[in-house]
Amino acid sequence: ITLTINAGELIYLPKGSSYEYTLHNETCSYMSISFDADIDMMGQGINPINASSASVNGTSVLGNNHTVSNFVVRATGKNSAGLFGDHKGNITDLNVKNVTVNGEYKAGALAGSVYGNVTGCSAKNVTVTSVPYATNGSFDGGNHVGALVGYAAENAKGIYSYTGNIVEDAVVTCYRDLGGFIGTLQYGVEVYKNHIRNVTVLVDQVTNYYGDKAANAGEVAGR
């Protein structure tokens with residue numbers, strides 16, 4: 001089952017937030033999401049797609065070399081921030097451009113976290129910022145932040161790969177665990193044949209301070 005996204009429809013998609021729909025009173029999950037046009041959000045704010053649905057597995061995103069541009073994402077607490085929030089499945093040939101992402105935990109212009117392969121995608125002219133969230137009278141988080149993907153999740157059964165992706169003109173800021181490409185790179189993930197140009201990585205351990213931490217900051221990956 002494929003959900004096709006046309007120009008002008010993206011702003012309505014995050015409201016479902018789980019890639020699911022009702023068919024004859026049964027809940028079904030989309031096997032794939034396909035973009036069939038470039039989408040200019042004209043500065044609108046959107047919620048991360050699938051930001052809190054941990055139950056959906058294996059949903060492939062097919063960008064078909066289209067671009068989603070000019071949008072702002074905001075997520076709070078432990079919700080991941082990006083065009084996609086916590087995504088389980090592959091993302092292929094999807095570009096994001098002129099993007100501002102503001103989060104408090106995992107954050108990236110394309111996705112906050114991905115359990116899967118990311119191939120042929122790009123993030124250009126993006127600003128990704130994550131500040132610690134309040135918890136029990138203190139703060140935590142503000143970590144796992146990258147220009148493309150914040151958290152490249154582990155694969156205990158094989159290998160996930162990040163191949164042929166591009167990051168250009170990006171600024172990444174957070175408390176710790178940040179990179180110009182991926183914030184945190186877990187085990188079972190390979191990264192090769194990607195291109196990173198003009199990326200600034202900034203550590204901010206002043207905003208919502210919760211102790212001096214290892215920065216784990218890098219041009220490609222932080223941790």
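User: Happy to look at this predicted model with you! Which ring does Lys-88 lie over?

Analyst: Good place to start. In this predicted model, Lys-88 is placed over the face of an aromatic side chain, 5.5 Å from the ring centre. The ring in question belongs to Tyr-115.

User: How far is the charged end of Lys-106 from the centre of the ring of Tyr-151?

Analyst: Here too a lysine meets a tyrosine, with the charged end of Lys-106 sitting over the ring of Tyr-151. Both Lys-106 and Tyr-151 are also among the contacts of Ser-113. From the charged end of Lys-106 to the ring centre is 4.1 Å.

User: With which side chain does the side chain of Ser-113 make a polar contact?

Analyst: Ser-113 belongs to strand E9, and with 1% relative accessibility it counts as buried. Its contacts beyond four places in sequence include Ser-80, Gly-85, His-87 and Val-149. The polar contact spans 2.5 Å, and the partner is Asp-86.

User: How many aromatic pairs does the structure hold, and what is the angle between the planes of Tyr-105 and Tyr-133?

Analyst: The structure has 3 aromatic pairs. One of them joins Tyr-105 and Tyr-133, with 6.4 Å centre to centre in an edge-to-face arrangement. Tyr-105 is in the loop between strands E8 and E9 while Tyr-133 is in strand E12, so the pair links parts 28 residues apart in sequence. The angle between the planes is 90°.

User: Is the pair of Tyr-175 and Tyr-210 stacked or edge-to-face?

Analyst: The ring centres of Tyr-175 and Tyr-210 are 4.3 Å apart, and their planes meet at 15°. Planes under 30 degrees apart fall in one class, and those over 60 in another. With 15° between the planes, therefore, the pair of Tyr-175 and Tyr-210 is stacked.

User: Is Tyr-210 buried or exposed?

Analyst: The relative accessibility of Tyr-210 is 14%. The cut-off for one label is under 20%, and for the other over 50%. Because its value is 14%, Tyr-210 counts as buried.

Conventions: Residues numbered from 1 in each chain as written. Predicted model: local features only at pLDDT ≥ 70, side-chain atom pairs only at ≥ 80, totals over all residues. Heavy atoms only, no water. Phe/Tyr/Trp six-rings, centres within 6.5 Å; stacked < 30°, edge-to-face > 60°. Helix = DSSP H or I, 4+ residues; strand = E, 2+ residues; numbered from the N terminus. Buried < 20%, exposed > 50% of the residue type's maximum accessible area, 1.4 Å probe, protein only. Lys NZ or Arg CZ within 6 Å of the ring centre and 35° of its normal. Polar contact = N/O pair within 3.5 Å; in protein donor to acceptor, adjacent residues only side chain to side chain. Contact = heavy atoms within 4.5 Å.
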